[in-house]
Amino acid sequence: MKKSASFLPFLVLLLASSLAAHATIFPVGNNDVTGLKSAITMANLNGQDDTIELAAGGVYTLSARDSFLNGLPLLGADGGHQLIIHGNGATIQRVPAIDDSAHKFRIFQISSGANVTLSGLTLTNGNPGAFHGGAIYNNADETSAATLTIINCTISGSSGDYGGAIFNDGAGGAGTTATLTVMNSTISGNHAIQHGGGIWNESGAIVMNVSNSTFSNNTSAGSAGALQFDGSNGTATGSIRNCTFTQNSAVSEGGGVNVDGASGSAVLTIDTCTFNQNTAASGGGVALDSASVSVSNCTLSGNSATTGGGIYLSQIGGGPTTLHIGNTILKTGASGANLAVNGGGFVSSNGYNLSSDAAGGNVSTGPGGFLDHTGDIRNTDPLLDPAGLKSNGGPTQTIALQSNSPAIDQGNRSTTGGTINNDQRGEPRPFNDPLFAAPAGGDSSDIGAYEADVRVISEVRNVSDLILTFVTIVGHTYELQSRPDLMPATPWTTVSTSIPAPPISGTGGIISVTVPNAIGSGPGFYRLRQF
Ligand SMILES: [Ca+2]
Ligand SMILES: [Ca+2]
Ligand SMILES: [Ca+2]
């Protein structure tokens with residue numbers, strides 16, 4: 001103990017001196033917009049990495065344009081040095097006194113050559129009028145790439161021509177790439193005048209990776225309610241993992257995500273995501289044209305469209321169009337079949353999908369139609385949680401399974417996109433429920449984005465004893481807790497008299513716990529707690 005305590009200050013000093021040589025930290029007080037502009041201008045030119053620290057919970061109100069169509073100065077290349085803006089929970093908003101065309105602007109533009117990270121920041125009410133990127137424009141050009149990373153941010157209430165929240169512009173020539181990474185963020189309530197209600201990715205060259213994020217209530221007057229992934233006349237590669245798309249809408253195709261690789265290439269992996277109640281004319285959840293998209297370990301529920309309520313394939317851009325789909329739940333919404341192919345396009349099932357409709361096949365429940373691989377189940381209600389999309393733990397909302405869902409243990413998590421060992425909440429996958437047998441080739445994963453795990457099987461009185469039986473997870477411990485009433489001030493306390501006594505180690509199987517003399521000693525409420 002003593003040795004490590006004396007060693008620690010040396011480590012801290014070393015770290016501090018190495019940071020000081022390469023980076024400047026600019027603290028900016030609450031609503032000091034002038035100070036924020038000044039910090040950006042200095043960081044743009046000092047030839048080193050920088051961090052701008054905004055005031056915790058602060059609000060920075062932009063009332064006029066600074067540069068071009070932006071409320072703040074361009075975030076510059078500075079020789080490729082990184083700029084980090086730590087929001088610390090602050091908001092930057094556009095609130096002009098007059099909202100005419102002269103007062104329309106977005107929040108940030110990232111210059112070609114720049115490398116910018118935004119974290120812990122809310123951007124709202126960006127609006128450059130009939131120009132792209134409502135809140136942020138990430139601008140690679142003919143000679144220099146642009147790299148934007150967004151962590152723990154919210155972008156809401158913004159509007160642009162293409163990209164209501166973000167326009168990620170890879171429209172430079174060969175050799176430059178616009179790279180967009182979005183993690184643990186929320187893109188909500190944004191609007192595109194033309195296309196891409198939340199994010200528009202524009203080729204030339206695009207790399208986009210989005211994870212642990214929520215896209216909700218974004219709207220587009222054209223295609224892509226939430227997100228356009230566009231590799232047309234260029235290349236687009238990327239992934240969307242552990243994300244929820246809910247109640248986004250597009251007037252034309254792709255209520256949630258629209259993928260287009262016409263005369264170019266668009267290759268997108270969508271893994272362990274939930275698409276809930278998104279709407280469009282075609283492809284309520286996802287639409288793809290002349291692109292290769294894999295959808296695995298996803299739950300699509302209640303999405304609707306005139307054609308292809310869940311996923312829609314077309315080849316208007318010349319093709320080829322391929323959907324690889326595995327271990328995915330497809331539950332129809334108000335209109336449109338789960339899968340629709342129009343004028344070309346190929347659905348390649350990798351198996352273990354569960355469709356509420358026939359998926360283009362006959363009336364049987366076995367493989368057929370578009371879902372013709374081992375483990376595919378059709379014409380079967382997945383028995384999703386009637387409460388629908390809600391917080392079930394983890395960074396995004398998910399849709400749980402009912403305890404008798406035909407999705408439980410009927411999947412395989414490795415059908416496409418590699419082996420993913422967690423469900424959308426981050427819970428371990430697979431969880432082998434001892435009451436459900438896995439099918440041939442299955443690995444006891446549940447179909448879809450949600451892995452059902454611990455649950456109470458029965459609660460029985462035996463004379464004066466209470467016997468609780470539940471499914472457990474290896475690596476967790478359990479205890480019963482009780483309280484005499486449900487008044488808010490009354491705490492839950494551990495039931496130390498249970499047999500076995502707490503902590504009870506999970507086995508991956510079923511455990512019964514007895515509470516002797518639980519009944520008859522006055523009112524009592526019990527709950528099972530997992531640690
Ligand atoms: Ca700098
Ligand atoms: Ca399972
Ligand atoms: Ca099982």
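Seven residues of domain 2 are in contact with six residues of domain 3, where contact means that the C-beta atoms of two residues, placed from the backbone, lie within 7 Å. The residues on the side of domain 2 that touches domain 3 comprise three nonpolar, two polar and two charged; Ala, Val, Leu, Ile, Met, Phe, Trp, Tyr, Cys and Pro count as nonpolar, Asp, Glu, Lys and Arg as charged, and the others, Gly among them, as polar. This is a predicted model, in which local features need pLDDT of at least 70 and side-chain atom pairs count only at pLDDT 80 or more, while totals for chains, interfaces and linings use all residues. Residues are numbered from 1 along each chain as its sequence is written, and chains are lettered from A and ligands numbered from 1 in the order in which they are written.

**Domains**

- The assignment gives domain 1 (19-221), domain 2 (267-453) and domain 3 (455-530); such bounds come from an automatic or database domain assignment.
- The centres of domain 2 and domain 3, taken over C-alpha atoms, are 36 Å apart.

**Overall form**

- The protein chain contains two helices and 44 strands; helices (H or I, at least four residues) and strands (E, at least two) are DSSP runs, numbered from the N terminus.
- The C-alpha trace spans about 80 × 70 × 45 Å along its principal axes.
- Among contacts with a separation of 6 or more, 77% link residues 24 or more positions apart.
- Of the 531 residues, 53% are buried; a residue is buried if 20 or more other C-beta atoms, placed from the backbone, lie within 10 Å of its own, exposed if 12 or fewer, and partly exposed in between.

**Cis peptide bonds**

- Arginine 429 and proline 430 are joined by a cis peptide bond with omega of about 5°, and proline 430 lies in the loop between strand 37 (398-401) and strand 38 (455-462).
- The bond from isoleucine 499 to proline 500 is also cis, with omega near -5°; proline 500 sits in the loop between strand 41 (493-494) and strand 42 (504-505).

**Positive phi angles**

- Asparagine 184, although not a glycine, has a positive phi of about 50°.
- Asparagine 184 counts as partly exposed because it has 17 C-beta neighbours inside 10 Å.
- Glutamine 247, not a glycine either, has a positive phi of about 55°.
- Glutamine 247 counts as buried because it has 21 C-beta neighbours inside 10 Å.
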